[in-house]
Amino acid sequence: MGGRDTDIVLLDENGIRCDGRKVNETRKVTIKAGVLKNANGSAYIEFGDNKILVGVYGPRDVHPKHMSDTDTGILRCRYHMAPFSVGERKNPAPSRREIEISKVIKEALEPAVMLKEFPRTAVDVYMEVLQADGGTRCAALTGASVALADAGIPMRDLVAGCAAGKAADAVILDVNNEEDQAGQADLPIGYMPNLKKITLLQLDGVLTPEEYKQCIEIGIDGCNQVYEIQKKALQDKFFSNGEKQ
Amino acid sequence: MSDGLIIDQLKKTQILELLQEGKRVDGRQFDEPRKLSIDIGVIPKAEGSARARLGDTEVVAGVKIQPERPFPDTGDKGMLICTAEILPIAHPSAETGPPQPHVIELARVTDRGIRESGMLDMKQLVLEKDKSVIGIFCDNAVTDHDGNLFDACSYASTAAINSCKIPKYEMQDEKPVKIEGEFIEPPITTLPVSVTMAKIGDHILVDPTLEEWGIMDARITITSNSDGNVVALQKGGSDGFTQEELIKCAELSIKVGSKIREIIKQSK
Amino acid sequence: MSSEKKRHVIPGEVITSGPYRAEQNTIQLGENIVSTIVGLSDVHDGSVRVIPLTGGYMPQDDDLVIGKIVSHSSLSWTADINSCYVGMLPASDVFGRDYSSSSDDMTAKLAKGDLIAARIVNSDKTRDPLITVSGRELGKIDSGELVKISPNKVPRLIGKRGSMIQMIESSTNSQITIGQNGLLVVSSEDSNGLLKAIRAIELIEEQAHVANLTDQVKDMLESKSE
């Protein structure tokens with residue numbers, strides 16, 4: 001979280017943000033399910049200028065064997081950014097940031113995925129960020145849920161992701177890259193829309209208790225909007241009658 | 001992934017029988033590559049990018065350009081480094097973690113194919129001799145694996161570099177400063193294109209699928225440039241080629257390569 | 001209780017609420033019966049299930065499966081049965097109870113890469129499922145072409161009381177061994193018939209969700225084109 005000095009006007013006098021959005025508007029989100037040939041399930045998501053490709057393999061055998069659990073399947077997640085996905089080229093080796101995000105996303109998906117159905121196996125979720133523009137972890141989580149459903153992994157609910165935050169003293173929905181760099185707070189949220197539970201929550205920045213409440217409320221609203229796009233992606237692939245998939 | 005995938009016996013027998021009749025499983029001729037489609041600019045924020053689809057194999061190449069200190073012995077040349085990675089989404093046996101030897105080979109062959117061809121005139125990419133030069137990274141990410149990653153990475157890289165935009169830099173107070181909104185065209189001298197051939201028995205097959213790769217005896221990747229010269233070579237696999245076979249492979253690579261070169265040119 | 005119309009559902013969607021039994025691919029959450037996968041909900045006789053439109057194969061007792069031998073120990077072969085669990089074929093199943101087999105004996109009978117038609121004997125998830133090749137029409141597969149489809153399309157391929165598969169076999173002069181795990185072996189004396197049978201199978205995989213699939217397949221089989 002920067003709070004960096006910037007020439008960019010984060011919020012003008014008409015309540016319009018630097019990319020033309022209003023404070024409670026998400027960026028454009030599109031999701032396509034089933035885009036890879038080899039993966040058991042997959043999804044491609046564009047969340048604003050974020051472009052993320054997710055592949056799921058599993059349930060499958062675990063190697064090395066000692067990592068498997070006799071009572072339940074395990075979930076393994078890898079969030080990874082391509083070297084060309086960010087402004088300054090990133091070294092392909094996993095950074096500490098990517099490792100932390102991988103863990104946080106895994107813990108956001110675990111409440112939803114019914115792993116006890118597959119003892120001694122693993123479900124692998126691989127999220128590749130091809131282009132990053134703020135809010136990649138929420139977008140990756142969103143894509144991962146669709147890829148898991150595409151793979152037929154049983155889940156109690158989908159998990160939708162969207163961040164709330166604060167910039168130019170206003171509570172905003174879906175923080176983009178500039179707002180993340182120069183704004184005052186970034187609160188990524190992962191939410192199960194039917195079970196109404198938050199499974200991913202982090203905060204970078206400073207919020208008053210009132211702002212925190214508003215962020216959660218506006219963030220859940222954002223997640224619900226994102227959920228509609230997830231539903232549509234699955235409907236388009238599986239339920240479009242007679243149309244070529 | 002290990003190169004030793006277990007192909008079932010029925011499939012192996014089927015492939016060999018068809019080869020004896022002069023046919024391939026997917027109906028292609030022995031010297032015919034799969035359908036290639038290339039889309040450039042798929043990663044708009046990168047300085048250059050391309051997605052190559054060769055049959056069901058898919059690779060995304062992204063070009064990042066930034067000022068770098070030159071290598072100590074080539075202070076009068078810019079830097080060009082190509083890499084390649086098989087993403088774990090690409091195939092069930094693709095692994096995460098430090099790259100295995102066959103992935104390192106893929107990266108290095110891709111790099112040599114682009115660099116040895118002299119695709120970019122590196123002398124034109126100097127900001128200040130011995131101090132600051134333009135560094136170009138072309139990173140390939142394999143997103144779907146159905147064999148012949150060497151060629152898919154070659155095509156994605158060539159297309160991405162061919163269509164990239166190099167930001168303009170000026171030296172100010174001994175430091176390179178980017179001039180926003182201004183770009184220069186990359187100094188392209190030639191378009192390198194690789195063609196990989198698998199040897200199964202006495203048959204030479206251009207652009208093997210993953211199944212053909214699984215039963216091949218040996219393989220060779222030959223990169224040619226726009227003048228029809230051979231610029232890079234890599235032989236792999238556990239068997240050997242005869243002299244005649246090697247000459248035939250070079251001819252095939254130049255012939256097939258020139259058609260692929262047209263597709264890459266069209267993509268810009 | 002009446003049957004409700006089949007509905008498209010995704011994971012987390014409520015199918016119905018009230019006194020119903022939550023069966024395959026559903027769970028009970030409070031009052032609601034919720035789908036756990038992408039599929040078609042089926043409410044019938046007081047129970048709710050979801051017919052999957054995607055997902056892998058889970059071994060069930062007595063299922064006929066096609067497997068590929070991937071390795072062996074001195075006591076058993078391991079077979080890839082297109083599932084998250086591998087099939088275990090005990091040596092005694094092939095050699096008899098008291099025969100002590102050497103590695104050469106094992107490989108001579110079934111080697112790496114060989115295909116087998118087998119039946120699931122014990123699908124307890126705490127260990128790899130046991131399979132057997134002793135039985136009618138089970139054993140090593142020597143000829144034919146292996147085709148892979150999504151396991152959840154298998155019921156559609158078989159059809160009501162086998163009507164779909166019989167239609168394909170008789171009109172193309174081929175024999176098709178269907179593994180519940182989505183692997184099939186198609187053989188025919190007639191190479192054109194073989195191709196046609198495989199195309200029919202591919203058509204079913206693509207169009208499984210479409211209502212007039214049977215007519216589409218019938219038309220395709222009857223057409224004179226290659």
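How many bridges join S15(C) to strand S16 of chain C? In this predicted model, the number is five, and the two strands, the latter spanning residues 183-188, run antiparallel. One of the pairings can be picked out by eye: C:Gln175 has C:Ser187 in S16(C) as its bridge partner.

These strands belong to an open sheet of three strands in chain C, with the order S14-S16-S15 and antiparallel pairing. Strand S14 (145-148) and strand S15 (174-178) form the edges, each pairing on one side only. On average, and with direction ignored, neighbouring strands of the sheet are turned by 25° against each other. Helix H5 of chain C (residues 191-207) lies across S14, S15 and S16, and runs at about 155° to S16(C).

On the H2(B) side, the contact involves B:Leu106, B:Val109, B:Thr110, B:Gly113 and B:Ile114. Among their counterparts in H3(B) are B:Leu149, B:Phe150, B:Cys153 and B:Ile161. The residues of this contact comprise seven nonpolar, five polar and no charged.

Finally, chains A and B meet in a contact that takes 21 residues from chain A and 26 residues from chain B. On the side of chain A, strand S3 (50-61) and strand S5 (121-131) are the elements that give two or more residues. That side of chain A has 10 nonpolar, four polar and seven charged residues.

Note on methods:
Residues numbered from 1 in each chain as written. Chains lettered and ligands numbered in written order. Predicted model: local features only at pLDDT ≥ 70, side-chain atom pairs only at ≥ 80, totals over all residues. Contact = placed C-beta atoms within 7 Å. Helix = DSSP H or I, 4+ residues; strand = E, 2+ residues; numbered from the N terminus. Nonpolar A, V, L, I, M, F, W, Y, C, P; charged D, E, K, R; others polar. Pairing = 2+ DSSP bridges. Axes fitted to C-alpha atoms, helices over the stretch in contact; angles between N-to-C directions.
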